[in-house]
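Subject: Structure handover

Hello,

Please find the structure below.

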Amino acid sequence: MPTTATQATQSNPAPTADPNWWRQASVYQIYPRSFADSNGDGIGDINGITAKVPYLKNLGIDAVWLSPFYPSALADGGYDVDDYRNVDPLLGTLEDFDAMANALHAAGLKLIVDIVPNHSSDRHQLFREALASPRGSAARNRYIFRDGLGEEGELPPSDWDSVFGGPAWERITEPDGSPGQWYMHIFAKEQPDFNWDNPEVREDFLKTLRFWSDRGVDGFRIDVAHALTKNLEETLPTKADLEAQGEALYLTGQHPYWDRDEVHEIYAEWRRVFNEYNPPRTAVAEAWVHTDRRARYASPEGLGQAFNFDLLQADFDAAQFRKTIIKNLAEAKASGASSTWVFSNHDVVRHATRYGLPASEPSAGGDIMAGQAGKRWLLAGGRQEDVDAELGLRRARAASLLMFALPGSAYLYQGEELGLQEVGNEIPDSARQDPAFFRNKGVEIGRDGCRVPLPWTSAGSSFGFGPGGSHLPQPEWFAGSSVEAQEGQGDSTLSLYRRALALRSQLQTTEALELLETGRDDVLAFRRPNGWTSITNFGTEPFELPAGQLLVSSSPLEAGRLPGAATAWLR
Ligand code: NOJ
């Protein structure tokens, strides 16, 4: 272990050295700029998080995952990083970070941070050097620069699209003022892709992983883990060439920039770094890959765990849930990882809203930014009146309670414990921040609706988010969803989450699960090794519960029966 590791681990001691703490953890995602604002500048900050550690502890989670808090111009909500080894001055200092880590650890909570290795921001020192250096220089070679096509190099090197819309290439002006080369950006143009064939890039990220591990960070969430390595030969295939190969191309490991086989060499190297620490640092891959290729990311010789977005993309439907659960548990077992479950995060329409939208067609899968119904809702401009919020929340509570009964890690997104709905077109265009909105203007409204600062109180400045307003406007109806409004209310979503998370810790003795026959296609039931059963009624007809003591239910039972869109745990 590096010397600094020993020093820093002492200053931010992890509470236990259990190397398996992550396997069945409940992990709470914080989007720092929208969680809690301590200094009244309208932007959530690190001290705001520290002040809420008692709330997090009381919620009953095991770990916190912080979305990027690094210096950033916010071209993509912080996923455009200017400096990987620092804190954005608007959010605090490294000392504030240490204080937060200490407070979390003292409360027995682990800390996971986001690493964004596919691209930096265009303000990163290395990218500035690349722009200031000539064609073919070592500095350019840290990113992906190409000459353009056409007589004057005026056309991009390929016709590929960026994920946020528009071309995946941007032309630069050379230091002498002439029109120059093009650089690749799979996401916004402010997010130039690194060249992972370059050993200097690899070394720099090892340094970053050690920097945060030395400060006592327990694990990492790896942003677009499947995009790092690329095959950019002289002649790049066109979009049509790629499309002609169909879905099958994604299974070959030979797509020019998604999910290439050799990306795992990088993670094998990272694993060796993680294992220098005690307990080993953990990692979870954000990899929107074909389900059959996910296990590679979750391998114990690689990152160790990978997000499974299958439930998130499924409709509220017993058959889809059953199939997804069986498949993912089998996969996790085969890879040696534990499964992961997630319904909401900072990229998708909140599940309390998704489940309140009209039913979608059978899912085509693979959509990157939202579940199918949520995607259509975004396309339509996200009108609140399209949503059956009551039904959505009822289903979301049922789905979350089901998730808490599953073996593996449950990833929660800030605000879902309040049953928060997505904020739709109540955010005026002038207040929007998401590049997906600007690059696709008129087509998608983007992801700001799940990133609106949390309501802590029912009244007062920005509903208790902070003393100085909120960087995204909060709708009036946030008052009724606030933490204050839900405290002490036995039937509130906050109370349900607290009760369920407290009970969940008793379920996690082994990772086994036995599916039970219910006699109904729309009712899904399973038993855990401690004898507890979880039963979810996806239909509308009440379900006669078997004998047993009720531990918790997402909606009140009706004459002893489980109503539609509800989950109950029995002992
Ligand atoms: C995935 C992140 O979750 C998303 O918010 C971001 O826009 C892209 N990666 C690019 O970093």
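How do the residues of the lining of the second largest pocket divide into nonpolar, polar and charged? There are seven nonpolar, eight polar and five charged residues in that lining. Here Ala, Val, Leu, Ile, Met, Phe, Trp, Tyr, Cys and Pro count as nonpolar, Asp, Glu, Lys and Arg as charged, and the others, Gly among them, as polar.

Before the rest, the basis. This is a predicted model, in which local features need pLDDT of at least 70 and side-chain atom pairs count only at pLDDT 80 or more, while totals for chains, interfaces and linings use all residues. Residues are numbered from 1 along each chain as its sequence is written, and side-chain values use heavy atoms, with hydrogens and water left out.

The pocket
The volume of the second largest pocket is about 400 Å³. It is lined by 20 residues, and W21, Q24, A25, D62 and S505 are the closest to its centre. (On a 1 Å grid over the protein atoms alone, a pocket is an open set of points with protein on both sides within 12 Å along at least five of seven lines, a cavity is a set where a 1.4 Å probe fits but cannot get out, and lining residues have an atom within 4 Å of a point. Points are joined across faces, edges and corners, and a volume is the space filled by probe spheres set on them.) Helix α19 (residues 493–504) gives the largest share of this lining, three residues; helices (H or I, at least four residues) and strands (E, at least two) are DSSP runs, numbered from the N terminus.

The ligand
Around the ligand are 13 residues, counted as near if a heavy atom lies within 4 Å. D76, H119, D223, H346 and D347 come nearest. The shell divides into three nonpolar, three polar and seven charged residues. A polar side-chain atom of D76 is 2.6 Å from a ligand oxygen atom. For an N or O atom in the side chain of H346, the distance to an oxygen atom of the ligand is 2.8 Å.

The cavities
There are six cavities of 30 Å³ or more. The second largest cavity holds about 120 Å³ of space. Its lining has 14 residues, with R294, A298, A306, E331 and A332 nearest the centre. α12 gives the most to this lining, four residues. By class, the lining of the second largest cavity has five nonpolar, seven polar and two charged residues.

Regards

Technical notes:
Polar contact = N/O pair within 3.5 Å; in protein donor to acceptor, adjacent residues only side chain to side chain.
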